[in-house]
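Thanks for coming, everyone. I have one structure to walk through, and I'll keep it quick. Please bring it up on your screens.

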Amino acid sequence: MSARALAPVRRRPPAEDPFATLNDEQRAAVFHGAAQAAPPLLIDAGAGTGKTLTLAARVARLVRDGADPQRLLLLTFSRRAAQAMQQRAGRLLQRALGQPATAAPPQQPWAGTFHGVAARLLREYAPRIGLSEQFTIADRADSEDLLGWVRDAQGFGRTHRRFPLKGTCLAIHSRAVNACEPLAEVLATRFPWCAGWEAELKTLLRAYTAEKLRQQVLDYDDLLLVWHAMLEVPALAAALSARFDHVLVDEYQDTNRLQAAILYRLKPDGRGLTVVGDDAQAIYSFRAAEPRNLREFPGRFEPPAEVLPLQRNYRSGDEILRACNAVLAAAPGPFAKTLWSPRSGARPQLVAVADEGAQAAWVADAVLAQREAGIALKRQAVLFRTGHHSAALELELMRRDIPYLKFGGLKFLEAAHVKDLLALLRWVQNPRARIAGFRVAQLVEGIGAAGARRLCDALDAAADPAAARQAFVPPPAARAPWAALCGAIAQIAAAPWPAAFEPALRWYLPQLERLHDDAAVRRADLELLQRLTGGHRTREAFLAELTLDPPEACSDEAADPQLDEDYLILSTIHSAKGLEWPVVYVLNVVDGCIPSDMAAGSAAEIEEERRLLYVAMTRAMHRLHLLVPQRFHVGGQAALGDRHVWAGPSRFLTPAVMDGLDAVGPLPASPGPASAKSPGPPETRIETPAGPVVDLGAALRARWD
Ligand code: ATP
Ligand code: MG
């Protein structure tokens, strides 16, 4: 054989180095450790320094160097972030492998939020942990209703002293689960007015847990709790941790104790673990996020995890960064990070306006002016503390025919008609899901609350609830409509996904016409819902992902290549995490909004609000406008009439911050906002295959002992 024949045949164009543009610090993080077994790594760095990009580049590098993409777990803050990260990593990898840009970039199948990944793993391991594979996931509202129902059934609604309401009980449940705190501690520190009810709450939460298991319904908290419970069983822990060679987590400062515990159990020696975060951007403590997770990470391992910094900000001009630094400089926290960039740009503006109407008008004018200057609407974002802060602006945008897309409001999925249709799909999947069944039954003409309750009780008592549903005898007037529903259920259950959405919609549309005067408007939402079905492999995945990540339901729409229309981005600051836009407007930078008067109780809450403003400001690449209306509507008091209060600029706009801002306005007052004013899958007993089994009921109930 000649030497020529041994020469490697080059089939691909030469691979380029996609990591060439990274700076030295970023490269150090990307190339940390071997592709098969890297020691634990923390990238602790400020906003816009390329943490997320570096994480994506690290994924690409690991796969290029031989890591199996199937064995990579990528945990992000939202599904939208996971998709963005997958695309980024895929493109980098494509370049590293020398693949043509026209080919579909390589995918990492395991990317998502903690809750999303938990739902997927639980579905897969369901038979081994005594869970039905048909289990459904209840959203917050449904969990609250279920808890309320248990609360009534247990007689807590009739106590002689005022017992905490269902929403408070669920908040207590969530805090205890996510912060891994005993109930007594949660009550003492967070809900002192409920401390006298500890024993009763324990009883209630135990009963709530039992009821969820009976119905095979899990709430958000359960997803993490069960994942963690699985990891406490040595054989399952071994299987789960052997399944992933690398676990990479973005936005680690906003993970909670339970999520950290899951990570440590998944990778007890830290090998393969990479986390990135920024404690200056911790904004989810109100949901039990624990920024200490970040600080404690290195010391959890022996030897301690390597900590790599990233210094340079690539996102914003230095003038914007100086204002951001000044906001944080007033914080008592140990934030050593100072953002800097060699790039100079426009100074940020402080825009004083008369009121919310003037604010809306100013922003709409500015948005259009930027658009004329070549900055598409999509590249501009309006950020605000709370969903309803954009109400006046939304009206103004509609009046001027400026399309927009809003993130962070749950409006779409909270709409009654969307909930109706989702409840139907959930109930088909899991006939024991009582809250879903109760809702759907009452959509049938001739069945009211009493009839729906009788039906749910019958299903509860039945060994085969799907059969019991078929056999249910409705009131005579409801016979034909009930038969129509049963027919639809059979079709939905039999059809593959997403075709199964059709019979659901077909059955529901006449109910919609009958129940709502504005059916035509609502129909458009259902059509949007239908478009979303295509992005999911199965009915379960569709329901789980929509339930888990509701705000992102709209971002799927945004990513739809057919929707090439330009639209302005409206987002709560919380939902803007990790993102960036050339032009950013922050609404209502006044005391009462930032900090929110709802969150101005403790010093820690105030500090979180300060970081919230910091997160908002650090989203801006080229232009940043902080709006300060001098007068605005009192939040949530619309019923009291046209009440205004005088607002002061946010206390976070210290003299040092003001020094870095150009003042604009005040502008004349506008007239003000115009509005002030076959049956479902049979419920079979799961035959547990050989292998370890978790007594899930015991594990979950023990939480409340
Ligand atoms: P945040 O804290 O807000 O999540 P981050 O640290 O994750 O920010 P990225 O979003 O990864 O930062 O990056 C910010 C911007 O800087 C992005 O537009 C990214 O493409 C760009 N960037 C990062 N590193 C480089 C680099 N080496 N060269 C050019 N651009 C870069
Ligand atoms: Mg990021």
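**Cysteines, ligand site and backbone**

Let me start with disulfides: the count comes to zero. This is a predicted model, so keep that in mind throughout. Cys194 is buried, at 1% relative accessibility. Cys486 is buried too, with a relative accessible area of 10%.

Another cysteine, Cys180, shows up for its backbone. Its phi is near 55°, a positive value in a residue other than glycine. Cys180 sits in the loop between α7 (166-179) and α8 (183-189). It is partly exposed, with a relative accessible area of 41%.

Now the ligand. Which residues come nearest to ligand 1? There are 20 residues around it, and the nearest are Lys51, Thr52, Gln281, Glu580 and Arg619. By type, that shell splits into four nonpolar, 10 polar and six charged residues. Helix α3 (residues 51-64) gives the most to the shell, with three residues.

Next, the polar contacts to ligand oxygens. From Glu580, a polar side-chain atom lies 2.5 Å from an oxygen atom of ligand 1. For Arg619, the distance from a side-chain N or O atom to an oxygen atom of the ligand is 2.7 Å. Thr49 uses its backbone: an N or O atom there lies 3.2 Å from a ligand oxygen. As for cover, ligand 1 taken alone exposes 640 Å², and the protein buries 84% of that.

On to the strands. Take β6 (residues 246-249). His246 and Leu248 point one way, Val247 and Val249 point the other way, and all are buried. What does β6 pair with? Strand β2 (residues 72-75) pairs with β6 in the parallel sense, over four bridges. Strand β7 (residues 273-277) also runs parallel to β6, joined by three bridges.

The buried ones are Leu258, Gln259, Ala260, Ala261, Ile262, Leu263, Tyr264 and Leu266. At the start of α12, a side-chain oxygen of Asn256 comes within 3.0 Å of the backbone nitrogen of Leu258.

Now helix α16 (residues 391-399), which holds Glu394. Is Glu394 buried or exposed? At 8% relative accessibility, Glu394 counts as buried. Its side chain makes a polar contact of 2.6 Å with the side chain of Ser390.

Asp401 is exposed, at 69% relative accessible area. Its phi is near 65°, a positive value in a residue other than glycine.

Last topic: cis peptide bonds. One joins Glu302 and Pro303, with omega about -5°. Pro303 is placed in the loop between α13 (292-296) and β8 (306-308). Another joins Ile594 and Pro595, with omega about 5°. Pro595 is in the loop between β13 (581-586) and α27 (603-617).

That's the tour. Over to you.

Notes. Residues are numbered from 1 along each chain as its sequence is written. Chains are lettered from A and ligands numbered from 1 in the order in which they are written. This is a predicted model: local features need pLDDT of at least 70, side-chain atom pairs count only at pLDDT 80 or more; totals for chains, interfaces and linings use all residues. Side-chain values use heavy atoms; hydrogens and water are left out. A residue is near a molecule or strand if one of its heavy atoms lies within 4 Å of it. A polar contact is a pair of N or O atoms within 3.5 Å; within protein, one must be able to donate a hydrogen and the other to accept it, and residues adjacent in sequence count only if both atoms are side-chain atoms. Accessible areas come from the Shrake-Rupley method with a 1.4 Å probe; for residues, only the protein chains shown count as cover. Helices (H or I, at least four residues) and strands (E, at least two) are DSSP runs, numbered from the N terminus. Ala, Val, Leu, Ile, Met, Phe, Trp, Tyr, Cys and Pro count as nonpolar, Asp, Glu, Lys and Arg as charged, and the others, Gly among them, as polar. Buried means under 20% relative accessible area, exposed over 50%, partly exposed in between (1.4 Å probe, protein chains only). A disulfide is a pair of cysteine sulfur atoms within 2.5 Å. Two strands pair if DSSP finds at least two bridges between them.
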